[in-house]
Number of protein chains: 2
Amino acid sequence: MANWNNLDTLSSYKELVKTAGSVDLTKSMAGESGAERVKNYTVPMACGLDFNYAAKNVDEDVLAKLADLAQEAELVDKYAELYNGAVINTGEKRLVLHQLCRGQLGNDVIADGVNKRKFYAEEQKKIAEFANKVHAGEITNAAGEKFTTVVQIGIGGSDLGPRAIYLALENWAKANNTFKMEAKFISNVDPDDAAAVLNSIDVAHSLFVLVSKSGTTLETLTNESFVKNALKEAGLDASKHMVAVTSETSPLAKSSDYLAAFFMDDYIGGRYSSSSGVGGAVLSLAFGPEVFDAFLRGAHEEDKLAANRNIKENPALLDALIGVYERNVLGYPATAVLPYSQALSRFPAHLQQLDMESNGKSVNRFGEPIDYVTGPIIFGEPGTNGQHSFYQLLHQGTDIIPLQFIGFRNSQIGTDVDIQGSTSQQKLCANVAAQIVAFAVGKDDENNNKKFAGNRPSSIIIGDRLTPETVGAILSHFENKVMFQGFIWNINSFDQEGVQLGKVLAKKVLAHDTDGALAVYSDLLNI
Amino acid sequence: MANWNNLDTLSSYKELVKTAGSVDLTKSMAGESGAERVKNYTVPMACGLDFNYAAKNVDEDVLAKLADLAQEAELVDKYAELYNGAVINTGEKRLVLHQLCRGQLGNDVIADGVNKRKFYAEEQKKIAEFANKVHAGEITNAAGEKFTTVVQIGIGGSDLGPRAIYLALENWAKANNTFKMEAKFISNVDPDDAAAVLNSIDVAHSLFVLVSKSGTTLETLTNESFVKNALKEAGLDASKHMVAVTSETSPLAKSSDYLAAFFMDDYIGGRYSSSSGVGGAVLSLAFGPEVFDAFLRGAHEEDKLAANRNIKENPALLDALIGVYERNVLGYPATAVLPYSQALSRFPAHLQQLDMESNGKSVNRFGEPIDYVTGPIIFGEPGTNGQHSFYQLLHQGTDIIPLQFIGFRNSQIGTDVDIQGSTSQQKLCANVAAQIVAFAVGKDDENNNKKFAGNRPSSIIIGDRLTPETVGAILSHFENKVMFQGFIWNINSFDQEGVQLGKVLAKKVLAHDTDGALAVYSDLLNI
């Protein structure tokens, strides 16, 4: 069993703190030394991806101390405990098994009397068979017509991850002739969300995927009723248009309201559930089960790398360590995620949940307050769009914000245009290369307004093309980065008690059981 | 002429700093005193909106010191100089006239030999006439058929604001029978952005709006060529499918490549250009000119309030002052924008540009380095979605992040469902009310993991419904808030020198004129 200790009690951390300010990127990233760094400071990821950290404030000394920290905090051992079935989610007393949806990493994990890998794989097989039957026209609407649209009803982890991955692969699937059905998403309890989606589709040929692990999520059940109303008004039998993704113990599990139910369990956290049926149903329906399989394969390959003890062979661990260095030693408040790929337009929103909900904590695993900062703010938009938006602050603002770039050598669709000697894809890649160097090296100028201080750190994940496998690998990378950071901070990354109070008070408002400020706000909002 | 001084030289600021920590929301927002605050700490905005700041760390003492700061910094005088035509953008030596697109606030502004209010109004009239002719089928494609789709080609301010406003009003327009044409947007130089949009539309019935003030924006010109290629391949005459929004001096202004050209000028910054033809063309085509007029009216009404000297009658000024208090006195790094309205899904992305590009600066108006922090990080997603995502960190993370809520009593579409005694709209409103109180008051618990420290500040803009007028008023509120904060920090909020270095280096990459780190990154990305 690994030892769980607060970061500020570790001797390796105390050594690490002493290195603050030792690497100045305006010097180390300039000239030939910069070229050497870019060549050397790179770690292979799965599926041909690379994690390049040349433009981070590290050198061999800092890296050695980060390796010491990884060892003293027993990070890889903790990961092994997790995938071998320890109760890592101490708050809710649960195993943490989302990696097991993608493949077997260690020992068989037996829980609730079943082999969990087999359970997840069987549910995935059920989904694949269901999706194939829908695509083949064996499962149809009551009129015997094929479904043409799939609509996911879910919020938070049942929405952000699946939606981000759908958008990431929609154009790829169209270009590669594996596109089966358009997917739409209903998440917000705002009635205009469901109404707008319903107005935009042909409900008679739509299949709805209701996703709620507990079967009790307010927004999701409300939107289910919203959809059922619409189906009824269209003269349709709702139970012929809906499937459920839920846990076996939820009220949705055995209901006759659904064409089929696919199961997950309490060991898959919402924000880690894209690899389970939560992502599996909608993505298999949209793109075919083979595409979802490829996504899982990519994630599993990346999961394997996270078990490497050498930080230079473990990109998620290295990324996590550098992130903690930036947050706790260098004192930076946020990280921006900047994919140079329009297909990843909602990937930052998913990572925002993944990271901020996992590591936005102020107590350690034992419920004791901690004296250091934990999870940073995560935000981002695709490049080059962001360059024309908030990059001004990133370059010349008063706070330094570390950056996480993602870039691909090739586009997904392949249609391109050559203007002034370069394609759009080349222009896109030229911009991300330029930004890394601009942030790191800066530029002096006699006019202070045109001066760039530089020394603003970034890393980049570089790939050949955004595919199902590479999306899986990138998702796994960030999930495991967040996990390792939670280990380093000695917090529980797998509960979310901070969302409870708002729910309790909202119920009071709806029950008109309020006083004080809450009663006046309720009046102002006409509730 | 107002005096321009650094914030830390002002005696009122020194007094303000002494109040840090004086207001504890866990106390002041609890019980009856909380109810009184919610009733009293509210300022009417235009169009029936209210700005409620009860859950901010202010009391009468802090407010008095903020009023002193407003007076000493001559904020309202500076605003008057701006709208009367002073050279407020000192870096680029330009007037700042976006408010004049919406109405006359002060004296006639004569520049370049013309009355600028007349110029903007005339361009808007030209756009309205053009849009009406398109809707009436008097301007058609070469086959004499009506255009059904409008596609904006632009990036940054030519994309984010118009896109956010389009999404904000799309369902409202459909519900109110003023929806004329679907709008799409192409922005990113990523070829998959343009290719995906072109694959999703009927190009033969599409009208493209090319937006570039300078006529030289790399992404926009590249995407124009991309679109022209597609039109040519479809056997169409591109010049019959394109209009330009640009400055009179740009290469696009007099080109025969366009059906029409509508003009703006150098006094309208990109991120402030939604009220000019940049927003006017696409929104008038999508919804009709009357809708765009209503949007401008709402913005103009709000602009007028920003001239009030009493901070309790000037919501933008008050919001700006409280924001500076949070940033510089309380030391908070970011602000989250959280609209409880799915229609405002991209409004935070627009505010992100507006705020971070305007105030992410490290030198004052005179080019001297400053010793205090300026613009915060801005991010956000619609509620209730965000509640199931990053709110965990907002409630229980180690950093305090001030929040800007927006909520409406009624939905836009009006379709709703009653479940367990409340509608979806009521649930939405109950959630935002609950969140404000949860963040402010918190909750004790013997289990630290379930404890909410509270004292996390927020404000809320409350309205009856999201309409063209209220969108305009809300946009103006934030534009003027950002402007006042720039005045307080003594920075130039209207230039963006921080975007230049990346552009220069990207050109070098494309010209293969690189060495060092940049050359290696170029190799890794196959440029």
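Contact here means heavy atoms within 4.5 Å. The structure is a predicted model, in which local features need pLDDT of at least 70 and side-chain atom pairs count only at pLDDT 80 or more, whereas totals for chains, interfaces and linings use all residues. Residues are numbered from 1 along each chain as its sequence is written, chains are lettered from A and ligands numbered from 1 in the order in which they are written, and side-chain values use heavy atoms, with hydrogens and water left out.

**View 1. The interface between chain B and chain A.** In this predicted model, 131 residues of chain B are in contact with 131 residues of chain A. Together the two chains bury about 10800 Å², of which 64% lies on carbon and sulfur atoms; buried area is the accessible area (1.4 Å probe) that two parts lose on being put together, summed over both. B:H388, B:Y521 and B:L525 supply 7% of the area that chain B buries against chain A, more than any other three residues.

View 2. A:K450 and B:E497 meet through their side chains in a salt bridge, at 3.3 Å from N to O. Helix α15 (residues 424-441) of chain B contributes 15 residues, the largest share of the side of chain B that touches chain A; helices (H or I, at least four residues) are DSSP runs, numbered from the N terminus.

**View 3. B:Y521 and the nonpolar core.** The largest nonpolar core holds 367 residues, and A:F379, A:Y521, B:F379 and B:Y521 touch the most other members. Such a core is a set of buried Ala, Val, Leu, Ile, Met, Phe, Trp, Tyr and Cys residues joined through side-chain atoms within 4.5 Å, where buried means under 20% relative accessible area, exposed over 50%, and partly exposed in between (1.4 Å probe, protein chains only). With neighbours within four places in sequence left aside, B:Y521 is in contact with residues of chain A including A:M29, A:V38, A:A433, A:I436 and A:I460.

**View 4. Salt bridges within each chain.** Over all chains, the count comes to 58 salt bridges. In chain B, the side chains of B:K228 and B:E224 form a salt bridge at 3.3 Å from N to O; because they stand four residues apart in helix α9 (residues 218-233) of chain B, they are separated by about one helical turn. B:K228 is partly exposed, at 22% relative accessibility, while B:E224 is buried, at 6%. B:R163 is paired with B:D159, their closest N and O atoms being 2.9 Å apart, and B:D159 is buried at 2% relative accessibility. In chain A, A:K451 and A:D444 meet in a salt bridge at 3.7 Å from N to O; A:K451 is partly exposed at 34% and A:D444 is exposed at 62%. A network of salt bridges also links A:E92, A:R94 and A:D266.

**View 5. Helix α5 of chain B and its surroundings.** Helix α5 (residues 75-83) of chain B is mostly covered, with eight of its nine residues buried. Among the buried residues of α5(B) are B:K78 and B:E81, as well as B:L75, B:V76 and B:L82. The buried residues of α5(B) pack against α4 (60-72), α11 (289-305), α12 (315-329) and α16 (468-489) of chain B. B:G85, which follows α5(B), has a positive phi near 100°.

Methods
Salt bridge = Lys/Arg side-chain N within 4 Å of Asp/Glu carboxyl O. Helix = DSSP H or I, 4+ residues; strand = E, 2+ residues; numbered from the N terminus.
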